[in-house]
Amino acid sequence: MNMATTVKLYSARWVLPMATAPVEEGAVAIEGARVVGVGTREELAEKFSGAVVEDFGEAAILPGFVNCHTHLELTAMRGFLEREEGDFFAWLRKLTIARTLLMTPEDLYASAAWGAVEALRAGVTCVGDASDSALTTMKALRDVGLRGIVYQEVFGPDAREAREHFEKAGEKLSSLRAGENEWVTLGVSPHAPYTVSRPLLELLTEYAVSERLPLMMHAAESEAEELFMREGAGPFAESYKARGIEWQAPGVSTVEYLAQTGLLRSRPLLAHCVRADEADVATLKEWRARVAHCPKSNAKLGHGRAPFASFIRADLDVGLGSDSVASNNTCDLLEEARFAALLSRAAGDTLEGGRMLSCDEALRASTQGGARALGLERQTGALAAGMAADIAVIGLGGAHQQPVHDPSTALLFASSGRDVLLTVVAGRELYRDGRVEGMDEDELRDRMRDIARRLA
Ligand SMILES: [Zn+2]
């Protein structure tokens with residue numbers, strides 16, 4: 001085969017392609033930006049004779065992790081909001097003031113780039129990022145080399161100003177499209193039901209559907225949001241009153257409200273869905289809405305626990321999100337998957353036949369599920385010929401991991417992002433031997449300390 005000179009084979013004791021069963025003594029063949037073969041090392045070495053082979057030994061090769069809900073521009077706020085986290089309204093307010101008044105565009109860029117570096121180091125190859133400054137975040141993703149959708153956030157709680165906010169958003173979104181490339185694309189995010197009025201939600205839904213722009217929204221996250229939706233009470237309602245903004249509480253759950261406004265027509269990615277009962281899950285299923293499950297962020301802020309097992313049982317497109325590191329405080333999808341599984345099991349949630357959530361289901365949510373949640377399942381999230389060469393290689397030889405009876409359980413219950421040896425996005429080796437390619441990590445680290453000093 002004359003393509004042999006350009007094919008590279010990564011092999012390891014296990015390959016977990018996610019779309020198909022694990023392969024022992026497996027290999028992945030890549031050519032350029034694509035996977036061209038997955039199988040046993042022997043098979044592929046024969047098929048691609050002459051390929052450059054690299055064997056990682058006691059390790060697992062997986063599709064890169066898909067972190068389907070992040071706010072990379074807020075990375076500099078890691079640990080900054082711990083005192084406010086018991087009061088979601090105060091937490092959001094301090095965050096918003098810091099982002100809009102204290103951080104310069106250069107700060108937001110450095111913050112997003114540092115977040116992207118952290119992601120690569122943890123084997124994350126793709127993010128779904130909600131950003132107030134999408135232009136900057138898109139540039140950071142392009143520079144670091146991560147794949148992702150950046151959802152430009154839109155705010156506008158006052159229904160009287162919906163048209164005006166919508167027109168401004170439309171202009172911004174169309175100019176942002178110039179920043180798209182093959183790996184980094186644009187989406188839109190009406191921020192949340194308590195920051196965007198109903199008419200603005202309707203306008204943005206219409207826009208997203210007609211422009212084929214992916215739409216993401218925070219939904220059913222906090223108790224404060226639930227009070228606002230069901231009773232028109234609580235801190236969000238009080239803040240509306242103080243600002244002279246009218247609000248007629250719909251008296252239903254957030255998911256039901258989003259169905260009523262027509263927003264679910266856009267097949268949105270809904271982050272959190274903590275307060276979703278079985279009727280809401282059925283509604284999400286009916287509209288084929290997608291879910292970003294963010295168990296650590298939800299737990300840390302005291303919001304509660306989303307019904308992950310119900311999402312899986314309903315066969316929703318559900319992925320995992322770290323949310324911003326201001327509420328996590330790390331971007332580590334293996335840890336997120338472990339937390340999701342343990343939390344579900346601790347609560348006694350079950351799937352068919354009364355069984356607990358499985359390791360494979362949690363790992364799948366961190367890869368293929370995330371890709372589906374972002375609508376990128378034809379490109380990433382699984383290893384198969386024709387898919388993008390987005391790969392994470394995770395060492396399994398550590399004292400905290402050996403012996404390994406089963407690679408899935410060793411990954412989920414005994415490993416973390418810190419065990420990642422190599423991260424490849426679109427065939428490019430972006431993290432290897434403890435270093436992120438092409439980024440000055442020392443400089444970025446200094447910038448983070450400098451921003452933290454100024455925020456304090
Ligand atoms: Zn969020």
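## Basis of the model

The structure is a predicted model, in which local features need pLDDT of at least 70 and side-chain atom pairs count only at pLDDT 80 or more, while totals for chains, interfaces and linings use all residues. Residues are numbered from 1 along each chain as its sequence is written, and side-chain values use heavy atoms, with hydrogens and water left out.

## Overall form

The protein chain has 16 helices and 17 strands, where helices (H or I, at least four residues) and strands (E, at least two) are DSSP runs numbered from the N terminus. The radius of gyration of the protein chain is 22 Å, close to the 23 Å that the globule rule gives for 456 residues, so the chain is as compact as a globular protein of that length; the radius is taken over C-alpha atoms, and the rule is 2.2 Å times the number of residues to the power 0.38. Along the principal axes, the C-alpha atoms of the protein chain fill a box of roughly 70 × 50 × 45 Å.

Of the 456 residues, 59% count as buried, a term that means under 20% relative accessible area, with exposed meaning over 50% and partly exposed in between (1.4 Å probe, protein chains only). The accessible surface of the protein chain comes to about 17700 Å², of which 50% belongs to carbon and sulfur atoms; such areas come from the Shrake-Rupley method with a 1.4 Å probe, and for residues only the protein chains shown count as cover. Among contacts (heavy atoms within 4.5 Å) between residues at least 6 apart in sequence, 73% join residues at least 24 apart.

The chain carries 49 positive and 66 negative charges, whose mean positions are 1 Å apart. In this count Lys and Arg are positive and Asp and Glu negative, while His and the chain ends are not counted, and each charge is placed at NZ of Lys, CZ of Arg, CG of Asp or CD of Glu.

## Domains

The protein chain is divided into domain 1, made of residues 2-63 + 384-436, and domain 2, made of residues 65-373, with bounds that come from an automatic or database domain assignment. Taken over C-alpha atoms, the centres of domain 1 and domain 2 are separated by 30 Å, and 30 residues of domain 1 are in contact with 27 residues of domain 2.

## Buried loop residues

Leu357 lies in the loop between helix H13 (333-346) and helix H14 (359-373), and with a relative accessible area of 0% this residue is buried. Leaving aside neighbours within four places in sequence, Leu357 is in contact with Phe308, Ala309, Ile312, Ala340, Ala341, Ser344, Arg345, Leu351 and Ala362. For Ser344, which is 13 residues away from Leu357 along the chain, the separation of the two C-alpha atoms is 7.0 Å.

Ser197 is placed in the loop between strand S9 (184-190) and helix H6 (198-211) and counts as buried at 4% relative accessibility. Not counting residues up to four places away in sequence, Ser197 touches Gly156, Pro157, Asp158, Ala159 and Ala162.

## Backbone features

A cis peptide bond with omega of about 5 degrees joins Asn328 and Asn329, and Asn329 lies in the loop between strand S13 (317-320) and H13. Another cis peptide bond, with omega of about 0 degrees, joins Gln402 and Pro403, and Pro403 is found in the loop between strand S14 (391-395) and helix H15 (407-414).

Glu25, in strand S2 (residues 23-31), has a phi near 45 degrees, a positive value in a residue other than glycine, and is partly exposed, with a relative accessible area of 35%. Cys273 also has a positive phi, of about 45 degrees, although it is not a glycine; Cys273 sits in the loop between strand S11 (269-272) and helix H10 (278-287) and counts as buried at 0% relative accessibility.

## Residues with exposed surface

Glu161 is in the loop between strand S8 (147-154) and helix H5 (162-176) and is partly exposed, with a relative accessible area of 33%. The C-alpha atoms of Glu161 and Met217, 56 residues apart along the chain, are separated by 20 Å.

Lys241 lies in helix H8 (residues 235-242) and is exposed, with a relative accessible area of 68%. Between the C-alpha atoms of Lys241 and Tyr151, which are 90 residues apart along the chain, the separation is 29 Å.
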